[in-house]
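Walk me through this structure, please.

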Amino acid sequence: MSSSDRVTVKDVMSTPLEMISKEATVIEATQRMREKDINALVVRTSPRAIISSTDVLDAVADGRNVSELHVTDIMTTDVETASPDLYMEEVAAMMSTYGIKHLPVVDDDYVGMISSTDVTTYLSK
């Protein structure tokens with residue numbers, strides 16, 4: 001298979017990118033994820049951050065009252081990102097190495113999101 005035939009992140013990533021403010025409540029974030037049928041939202045901060053369903057589950061498991069929390073209280077910071085020109089095998093290796101399920105796709109700015117579900121769906125074809 002030549003490199004021009006290989007599938008890249010930009011071919012599979014989800015767009016448009018769903019974002020939320022760090023000041024939003026966790027309830028607002030979970031409602032947005034449910035409404036959009038997704039499991040993570042990008043939080044526009046520096047350093048880069050996301051809030052995922054796993055972050056919410058961890059907060060609940062830790063006995064925290066999520067109805068009183070804001071995104072900034074539980075978001076994951078310093079997240080790894082993927083370039084849109086990465087090959088699917090490379091992004092799968094990144095997810096495995098770092099133990100993550102979501103990677104914001106960045107090309108100077110955010111351009112999309114790729115999830116382990118996206119990778120699995122592609123690789124199972």
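**From a helix core to charged pairs**

Helix H5 buries Met 88, Val 91, Met 94 and Met 95. Viewed along the axis of H5, the buried residues fall within an arc of 120 degrees, so they line one face of the helix. The model is a predicted one. Ser 96 and Thr 97 are on the other side of H5, and both are exposed.

Strand S5 covers residues 102-107, and strand S6 covers residues 109-115. The two run antiparallel, joined by six bridges. His 102 has its bridge partner in S6, namely Ser 115. Is S6 mostly covered or mostly open? Mostly covered: five of its seven residues are buried. In a regular strand, side chains alternate between the two faces of the sheet.

Now the charges. Side chains of opposite charge can pair when their charged atoms come close. How many salt bridges does the model hold? The count is three.

Asp 109 forms a salt bridge with Arg 44, and their closest N and O atoms are 3.2 Å apart. This pair links distant parts of the chain. Asp 109 belongs to strand S6, while Arg 44 lies in the loop between strand S2 (40-43) and strand S3 (49-52), 65 residues apart. Asp 109 counts as partly exposed, because its relative accessibility is 37%, between the 20% and 50% limits. S6 residue numbers also include that of Tyr 110. The charged end of Arg 48 sits over the ring of Tyr 110, 5.5 Å from the ring centre.

Back to H5 for the next pair. Glu 89 makes a salt bridge with Arg 6, with 3.4 Å between the closest N and O atoms. Here too, distant parts of the chain are linked: Glu 89 is in helix H5 (residues 88-98), and Arg 6 is in the segment before helix H1 (9-12), 83 residues apart. How exposed are the two ends? Glu 89 is partly exposed, with a relative accessible area of 40%. Arg 6 is partly exposed as well, at 27% relative accessibility. Arg 6 has a second contact to note: it lies over the face of Tyr 87, at 3.7 Å from the ring centre.

The remaining pair is Glu 18 with Lys 36. Their side chains meet in a salt bridge, 4.0 Å from N to O. Glu 18 lies in the loop between H1 and strand S1 (19-20), and Lys 36 lies in helix H2 (residues 26-36), so the pair ties together parts that are 18 residues apart in sequence. Why does Glu 18 count as buried? Because its relative accessibility is 18%, and buried means under 20%. Lys 36 is partly exposed, with a relative accessible area of 38%.

Last, the aromatic rings. A pair of aromatic rings is described by the distance of the centres and the angle of the planes. How many aromatic pairs are counted in this model? The count comes to zero.

Definitions and conventions
Residues numbered from 1 in each chain as written. Predicted model: local features only at pLDDT ≥ 70, side-chain atom pairs only at ≥ 80, totals over all residues. Heavy atoms only, no water. Buried < 20%, exposed > 50% of the residue type's maximum accessible area, 1.4 Å probe, protein only. Helix = DSSP H or I, 4+ residues; strand = E, 2+ residues; numbered from the N terminus. Pairing = 2+ DSSP bridges. Phe/Tyr/Trp six-rings, centres within 6.5 Å; stacked < 30°, edge-to-face > 60°. Lys NZ or Arg CZ within 6 Å of the ring centre and 35° of its normal. Arc of directions from axis to C-beta.
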